[in-house]
Amino acid sequence: MLHADSLLHATQDHRSALPVAYCPTAEDMFAALGDATDAAIWNRALPADVQAWFNALSPERFPHGRYVLSPNAVAKCIVQVFQAQQIDACAALAWFSEDVQALAEAVSQHSGISQVRLRVEPVFNNACTKFHIDNVFARLICTYYGPGTEFGIGEAEIASRGRAPTGMPVLLKGKRWSELAATRLHHRSPEIEGTGQSRFMVVLEGCPDADILPSYDHLYDCETIIR
């Protein structure tokens, strides 16, 4: 399960006094969550060629899908959903698919759940702009293109909000994190409608069988072909 006894290798977001830690590695993200920290961000930059690849794609071609699968099938799934949009395999897509799989494997390991829910989602409007806490144990979000997830304490004033930078995964506690201490940090999708901006994000969480929603979740295995 996710756990944390300290914020070793992590620094809190002193700029806004939010309970957010910035961490040098993916593993530190999972160690950073605890009583004092409701979210952790992997402080990294996307490779320049990967960012250039995303920037060169038309956002309307970004794939959309929601899958429940083994973490070791994530890279293949990612490649297939992009190829279904007539986006050819290339070095940048390989890096991206392997990056998402590594994140999925970490989510599975630290949640203690053998399968994950994977969402790949383009956003073109003001989707989910109300500050909220997800009804999960913990959720990882990474915005690979466009503005990242915003966070704050409740309906935070603009001056006291933070935002996960593009390409930096953010791990957020959910409502199921602990019955002993309420999660304080809320998050939302940034308001982009009318700005000409768009986003492409990946969302990951451990998904036990009881949480599978047949109307929304597609069960994926390595033999599945996405068209």
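Which residue stands opposite Gly162 in E8? To place the answer, some conventions come first. This is a predicted model, in which local features need pLDDT of at least 70, side-chain atom pairs count only at pLDDT 80 or more, and totals for chains, interfaces and linings use all residues. Residues are numbered from 1 along each chain as its sequence is written, and side-chain values use heavy atoms, with hydrogens and water left out.

The protein has four helices and twelve strands; these are DSSP runs numbered from the N terminus, helices being H or I with at least four residues and strands being E with at least two. Of its 227 residues, 54% count as buried, where buried means under 20% relative accessible area, exposed over 50%, and partly exposed in between, with a 1.4 Å probe and protein chains only.

An open sheet is formed by three strands in the order E8-E7-E10, with antiparallel pairing. Strands E8 (162–163) and E10 (185–188) are at the edges with a single partner strand each, so one side of each has no neighbour in the sheet. Two strands count as paired if DSSP finds at least two bridges between them. E7 (residues 150–153) and E8 pair in the antiparallel sense over two bridges, and the residue opposite Gly162 is Phe151.

The largest nonpolar core has 46 residues, and those with the most contacts inside it are Phe82, Phe96, Leu118, Tyr144, Phe200 and Leu204. Such a core is a set of buried Ala, Val, Leu, Ile, Met, Phe, Trp, Tyr and Cys residues joined through side-chain atoms within 4.5 Å. Helix H4 (residues 91–111) gives the most to this core, with eight residues. Apart from this core lies another, of 16 residues, including Val123, Ile141, Ile192 and Met201. Leaving aside residues up to four places away in sequence, Leu204 touches Val100, Leu103, Ala104 and Val107, among others; contact means heavy atoms within 4.5 Å.

H4 also packs against helix H2 (residues 48–56), at an angle of about 105 degrees and with the axes 9 Å apart. Axes are lines fitted to C-alpha atoms over the stretch in contact, and angles run from 0 to 180 degrees between N-to-C directions. H2 is therefore roughly perpendicular to H4, a label for angles of 65 to 115 degrees. Asp49, Val50, Trp53 and Phe54 in H2 meet Ala92, Leu93, Trp95 and Phe96 in H4.

Among the cysteines, Cys90 is partly exposed, at 30% relative accessible area, whereas Cys207 is buried, at 0%.

How values were computed. Angles under 35 degrees count as roughly parallel, over 145 as roughly antiparallel, 65 to 115 as roughly perpendicular and the rest as oblique.
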